[in-house]
Amino acid sequence: GRGYDLRQPIPVKYRIVRERFLNARKNFWTPNDIPMGEDKLQWNMGKLTESEMWLFKTNISYLTASDNLVPDNLVNALMGHITANEMRQYLRWQIMEESNHIESYLFILESFGLDDKGQGQIFNLYQEIPALTDKLNWNLTFTHNVVKSDAPLGSPEANRALLEDLISYYIFEYLFFPLGFSQIFALARKGKLRNTAQQYS
């Protein structure tokens, strides 16, 4: 009803976004491309210290919950504001990539031999550690501000909520996530969980 046909892929308004979408597809991989045998041995043979195990568990719990937040934010908060088809196409690809990341976290824990209960205990840690819960809720606040806003699309109020949401997820993707990766990369430099680090990489 806004004069845009969201099902029409042409004309392309933003060529650079289209190019980035086409380039992003070259980055596709699946978790089972990476063998996990070394990490499975370390996990099951007691090669990780108690603190290294705790670091890994809280890390993968936060990243899994986070990678669920991102596509939800894209669908619930952002897509309604985006009319350029090439941008919508790029965001759809990002949603698929986030799903693939979640699959990699599942694959890692499955490769260690953990059943649903064992995986669930690890994945649920983000709800049991206040610092992780607060970190996730910080981003959710901005998603909810967009979703719950009754301001008309394009109004200063709607644009402000949208911009704050975008900035919060920019911080999330370029600060919170790399910090999480760095923890596992630090373990890998010590020869621990190198297969997992390759999944993250």
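The model is predicted, so local features need pLDDT of at least 70 and side-chain atom pairs count only at pLDDT 80 or more, while totals for chains, interfaces and linings use all residues. Residues are numbered from 1 along each chain as its sequence is written, and side-chain values use heavy atoms, with hydrogens and water left out.

**Stop 1: the largest pocket**

Select Y90, Q94, E98, E173 and Y174, which lie nearest the centre of the largest pocket, lined by 37 residues. A pocket here is an open set of points on a 1 Å grid over the protein atoms alone, where a 1.4 Å probe fits, with protein on both sides within 12 Å along at least five of seven lines; lining residues have an atom within 4 Å of a point. The volume is about 1,200 Å³, taken as the space filled by probe spheres set on the points, which are joined across faces, edges and corners.

Now colour helix 1 (15-24), helix 3 (50-78), helix 4 (85-111), helix 8 (156-189) and helix 9 (194-200), the elements that each give two or more residues to this lining. Helices are DSSP runs (H or I, at least four residues) numbered from the N terminus. Helix 4 gives the most, with 11 residues.

**Stop 2: the second largest pocket**

Next, pick T58, N59, Y62, I129, A131, L132, K135, F176, L179, G180 and Q183, which line the second largest pocket. Helix 3, helix 7 (130-147) and helix 8 each give two or more residues to that lining, with the largest share, 4 residues, from helix 8. About 150 Å³ of space lies in this pocket.

**Stop 3: the nonpolar core**

Show F56, I60, I108, L109, F112 and F172, which touch the most other members of the 36-residue largest nonpolar core. Such a core is a set of buried Ala, Val, Leu, Ile, Met, Phe, Trp, Tyr and Cys residues joined through side-chain atoms within 4.5 Å. Helix 3 gives the most to this core, with 9 residues.

Centre on L109: leaving aside residues up to four places away in sequence, L109 touches F56, I60, L114, Q119, I122 and F123. Contact means heavy atoms within 4.5 Å.

**Stop 4: N195**

Finally, go to N195 in helix 9. Is N195 buried or exposed? N195 counts as buried because its relative accessibility is 9%; buried means under 20% relative accessible area and exposed over 50%, with partly exposed in between (1.4 Å probe, protein chains only). Its side chain reaches the backbone oxygen of P35 at 3.4 Å, and a polar atom of that side chain lies 3.2 Å from the backbone nitrogen of E38.

Conventions: A polar contact is a pair of N or O atoms within 3.5 Å; within protein, one must be able to donate a hydrogen and the other to accept it, and residues adjacent in sequence count only if both atoms are side-chain atoms.
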